[in-house]
Amino acid sequence: MTDEFLQAAIAEARKGLATGGIPIGSVLVIDGKIVGRGHNQRVQKGSAVLHAEMDCFENAGRIKAADYKRATLYSTLSPCDMCSGTALLYGIPKVIVGENKTFQGPEDYVRSRGVDVQVVNNQECIKMMEDFIADKPELWNEDIGE
């Protein structure tokens, strides 16, 4: 079964790749509706922090704390420490991860804080990142702080 929200995150990742960036996408869903979407824009905007999830949060705008508590964050790739921390800060109870084969963030820690983290091992997400990492390893290493 195809998850429409993961597909929306994949579309964001493809948008990032098409504009010269890293193919990672994210959407924030509350009550079955996408309220924010984003893609990694570190390259495009010369940003230190615009990972896909951070772009998604920024594009969602101000959201009430009670609304975050009903949200699900979708990301094509396992969220890093920064993005996971933001999800924890806002009390987001569920994170759906497209893949964690090419990169794994602090999933166990996020789970230990009560968040339902589900990794779906989506083949499209895996291939997109494997292809990107093989093609631009220096850009990928910069993005993950190596």
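A polar contact is a pair of N or O atoms within 3.5 Å; within protein, one must be able to donate a hydrogen and the other to accept it, and residues adjacent in sequence count only if both atoms are side-chain atoms. The side chain of Thr102 makes such a contact with the side chain of Glu99, at 2.5 Å. The model is predicted: local features need pLDDT of at least 70, side-chain atom pairs count only at pLDDT 80 or more, and totals for chains, interfaces and linings use all residues. Residues are numbered from 1 along each chain as its sequence is written, and side-chain values use heavy atoms, leaving out hydrogens and water.

**Around Thr102**
- Thr102 sits in the loop between strand 4 (94–97) and helix 6 (107–112).
- Not counting residues up to four places away in sequence, Thr102 touches Leu77, Ile126, Met129, Glu130, Ile133 and Trp140 (contact: heavy atoms within 4.5 Å).

**Fold**
- The chain has eight helices and five strands (DSSP runs, numbered from the N terminus: helices are H or I, at least four residues; strands are E, at least two).
- From the N terminus, the order is α-β-β-α-α-α-β-α-β-α-β-α-α.
- The C-alpha atoms fill a box of roughly 40 × 30 × 30 Å along the principal axes.

**Packing**
- Of the 146 residues, 51% count as buried (under 20% relative accessible area, 1.4 Å probe, protein chains only).
- Among contacts with a separation of 6 or more, 54% come from residues 24 or more positions apart.

How values were computed:
Buried < 20%, exposed > 50% of the residue type's maximum accessible area, 1.4 Å probe, protein only.
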